[in-house]
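Here is a short briefing for a reader new to this structure.

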Amino acid sequence: QAIYLKDYKKPSFAIREVNLTFELFEEYTIVTNVMKFLKLDNVQELRLHAEELELLEVFLDDVALDQESYTIDEESLSVKNVAESFTLKIVNKIYPHKNTELEGLYKSGDIFCTQCEPEGFRRITPYLDRPDVMSVFTTTVIADKEKYPILLSNGNKHQCHENFDGRHGVTWHDPHPKPSYLFALVAGDLGSVSDEFTTMSGNKVALNIYVDKGNESKCSHAMRSLKEAMRWDEETYGREYDLDIYNIVAVDSFNMGAMENKGLNIFNSAYVLANTDTATDANFMGIESVIAHEYFHNWTGNRITCRDWFQLTLKEGLTVFRDQSFSADMNSREVQRIEDVKGLRERQFVEDASPTRHPIQPKSYISMNNFYTSTVYEKGAEVIRMMHTLLGEEKYRAAMDLYFNTFDGEAVTTGDFVWAMEQAGGIDLKQFQLWYHQSGTPRLIVDEKFENGVYTLMLTQKILDDVDGSKQAPMYYPLKMALINQDGALALEKMLIVSKEKESFSFDGFAFKPVLSINRDFSAPIIIEQQESDYAFLMKYDTNSFTQYEATQNFAIETLESMMQGSKIDEAFVEAYGYLLDLDIDLSYKALLLELPSISTLMQRQEVIDCQIIYSAHEDLAKHLADVFQEKLLQIYKENHNPDSDAIDAKSIAQRAIKNRVLKLLSASETKEIALIAKEQYDNSITMTDRVTALDVLEHTDEPLAEEAFKDFYNKYKDNTLVMNKYFGLLSSSLRDDILHRVKTLQNDEVYDDKVPNLVRSLVGTFARNHKHFHAKDGEGYKFVADKIVEIDKINPQMASGLCSTFKIYDKMNKENQKLMKRELMRVISTQGLSKNSFEIIDKILKEQ
Ligand code: ARG
Ligand code: ZN
């Protein structure tokens with residue numbers, strides 16, 4: 001059942017060109033698929049991938065084949081005795097309106113759309129559905145003209161057909177050979193917004209964003225982001241767009257964020273539509289980065305693609321690194337880096353410490369869909385970033401040029417990418433490549449010695465075993481560090497290379513022991529284990545924004561952990577927090593500094609997880625800070641509260657960030673005064689950012705006021721699903737006692753629908769990340785999520801396996817919770833007809849014990 005990287009074999013056939021015709025009807029679709037094959041090695045049989053297809057006719061070089069000449073099974077169509085080159089024509093029937101998996105051709109509301117990556121094309125028509133088979137696609141889409149005036153596919157528009165009673169057709173031609181996973185088709189009655197971009201060599205590109213009618217006014221941010229991304233890729237990587245048209249379509253039912261289909265990106269509408277009334281500042285940032293991400297794939301993914309799915313990080317890690325760099329250039333570099341690391345730690349570190357951990361290049365999979373993980377994406381991006389750091393900007397750019405020039409039009413491996421880095425960088429990355437093959441977050445134990453003016457840094461790598469118990473080797477990475485003199489002056493700054501299990505570095509000429517600032521900029525995605533450090537000092541004097549942030553976090557973690565062991569609140573931390581409040585620095589950075597470590601951060605550090613202890617320490621500390629600094633916090637709130645502004649420039653966003661941060665902190669003291677301020681903010685502010693924070697604060701401070709505000713919110717936005725996602729998310733992340741009951745009731749709300757992934761994620765997914773209630777000691781949280789997994793698995797396995805992953809901390813939980821979790825996991829895995837997606841995840845979780 002499992003597929004292994006080591007079993008890779010080159011394809012036996014090439015497809016020189018493919019001609020597709022789609023006849024779309026309400027109840028079914030007829031696909032006519034004409035492929036020109038070329039035999040590449042000595043085989044007699046052609047085996048095409050085919051899943052859930054109804055075959056109507058097969059013609060080999062224009063001769064209809066009888067039933068004996070081909071065989072079909074669950075996953076393939078085989079044709080015997082084929083020649084050196086031949087044309088195969090296949091006509092088959094599919095049922096898009098019944099496709100709830102949202103893979104292949106399906107309907108999102110009234111819109112026909114596709115998702116083919118990684119293996120959805122085989123659910124449309126028989127094909128060599130693997131990324132190393134690249135072909136030139138010509139696609140004709142035919143449908144009812146009134147219901148589906150817009151007919152789209154990849155490439156450039158070739159021809160329009162106006163014929164047959166009320167039906168029409170459009171032929172699209174994509175001159176760039178591509179793998180089938182980049183195929184796309186859209187048909188619908190859509191509104192659109194258009195613009196134009198002139199590339200650096202003077203080509204005019206038509207840009208179109210297609211959305212449900214009525215949403216046209218919510219596309220301007222996406223359009224602006226697209227143009228910025230196109231310009232940025234020209235300036236930063238010298239990469240230009242290569243078709244006459246760039247189309248983006250937003251649909252409501254989509255399993256992931258978006259898809260980079262050649263010339264026809266399909267997006268989850270959450271990453272396109274925005275205005276300040278309905279989208280938060282975080283949503284605006286998210287749109288900018290996903291639009292850019294998909295655009296950047298045109299070179300890193302489409303022009304140069306993956307040889308096989310084990311190479312996924314080749315395009316995803318690299319493209320995430322590119323979109324992170326873009327966002328850093330567009331916004332605040334320091335804030336972007338901290339946000340990226342926060343995301344990595346919340347998602348990837350947790351995964352890397354769980355039974356589902358895997359290298360960024362996995363060795364095997366059962367369902368490829370399970371490997372679109374934060375490890376492949378975000379840790380993958382860190383691996384590219386380390387190469388960027390090792391080479392430096394200039395050599396990195398030369399290496400990228402070499403990569404593009406050498407492999408354009410090919411399907412390659414991560415080894416090919418590293419080759420380009422080594423060539424142009426003039427360095428040996430042999431040991432570095434372990435990052436592609438080893439799993440788990442590397443740990444580095446840091447010790448210091450100071451003798452006779454010599455400061456010595458002693459490093460020990462702690463390398464964990466792989467999931468299968470096999471030993472792993474020491475890693476190679478850049479470690480940026482600095483030493484700061486007691487008076488706060490920077491004494492030295494260096495990039496060390498760590499490569500051995502144990503090594504030390506000495507620096508002399510110090511009158512007093514300097515203070516260490518380590519892993520600056522988070523130069524390597526590792527966990528530092530340091531006996532002690534002067535966090536208060538670093539908070540004041542560190543010149544690196546990342547490690548300054550890190551010092552505040554570590555100080556808070558240390559404080560919270562000693563509280564969890566029964567100690568009183570460390571007043572030194574409280575004093576340091578007060579120092580931060582007075583700092584005159586960029587407000588969005590300040591908002592990050594003032595944030596207390598998340599529950600999940602503290603959970604990850606526990607040997608045996610017990611969330612309730614964490615929550616109570618967290619609440620106590622927040623309450624204490626809110627009480628001690630009430631006046632100052634209120635002052636910061638007032639200084640930055642501009643209810644009449646909905647501007648989304650950096651300064652306005654930063655002001656909302658700091659204001660909402662202090663409001664949230666103030667709410668820990670649960671005074672009526674704070675609830676009233678939040679209600680006032682809810683009633684009078686004109687941005688979604690302000691409303692969402694106000695609702696969250698009300699929910700946790702004042703029940704009647706919360707109820708009133710939530711009711712108002714519901715009535716205003718019940719027709720806007722994107723906003724309703726926020727409504728469900730706010731409620732299912734609530735810490736109030738009756739929340740499970742409310743979540744269960746919300747399933748019956750007319751807006752909620754198990755078939756729409758965004759809604760499942762915001763109601764059920766958010767609940768499963770609500771540690772307080774998911775891990776409740778009566779086991780009801782687990783039971784509810786397990787029930788939903790079983791239900792949703794029948795509709796959409798990819799959604800279900802995402803929910804299964806919320807159980808991945810099973811082996812770290814305390815005995816009591818473990819027993820409850822196990823009962824539910826056993827129940828799910830023994831469900832009749834469980835998908836391979838869900839099976840793969842739960843099987844791994846249960847095996848760990
Ligand atoms: N390639 C897409 C992106 O990174 C994600 C597609 C994920 N699809 C899936 N079926 N898991 O933007
Ligand atoms: Zn991607």
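Strands S14 and S15 (residues 167–178) run antiparallel and are joined by six bridges. Within this pair, Lys157 stands opposite Trp172 in S15. Keep in mind that this is a predicted model.

**The eight-strand sheet**

- Eight strands make up an open sheet with mixed pairing.
- Their order is S6-S5-S9-S3-S2-S12-S15-S14.
- The edges are strand S6 (63–64) and strand S14 (156–162); each has a single partner strand, so one side of each is left without a neighbour in the sheet.

**The three-strand sheet**

- Another open sheet has three strands in the order S28-S27-S30, and its pairing is antiparallel.
- Strand S28 (490–498) and strand S30 (515–518) are at the edges, each with a single partner strand, so each has one side without a neighbour in the sheet.
- From one strand to the next, the twist averages 25°.
- Four bridges link strand S27 (residues 477–484) to S30 in the antiparallel sense.
- Ala482 stands opposite Ser517 in S30.

**The annotated domain**

- An unreviewed UniProt entry places the domain "Aminopeptidase N-like N-terminal" at residues 24–182.
- Over residues 24–182 the chain is 53% strand and 0% helix.
- The end C-alpha atoms of this stretch are 20 Å apart.

**Around ligand 1**

- The residues around ligand 1 include Glu117, Asn255, His293, Glu316 and Tyr372.
- Strand S20 (258–259) and helix H2 (281–296) each give two or more residues to this shell.
- By class, the shell has four nonpolar, four polar and four charged residues.

Technical notes. Residues are numbered from 1 along each chain as its sequence is written. Chains are lettered from A and ligands numbered from 1 in the order in which they are written. This is a predicted model: local features need pLDDT of at least 70, side-chain atom pairs count only at pLDDT 80 or more; totals for chains, interfaces and linings use all residues. UniProt positions are given in the numbering used here, feature names are shortened, and annotations may be inferred rather than shown by experiment. A residue is near a molecule or strand if its C-beta atom, placed from the backbone, lies within 6 Å of it. Ala, Val, Leu, Ile, Met, Phe, Trp, Tyr, Cys and Pro count as nonpolar, Asp, Glu, Lys and Arg as charged, and the others, Gly among them, as polar. Two strands pair if DSSP finds at least two bridges between them. Axes are lines fitted to C-alpha atoms, for helices over the stretch in contact, and angles run from 0 to 180 degrees between N-to-C directions.
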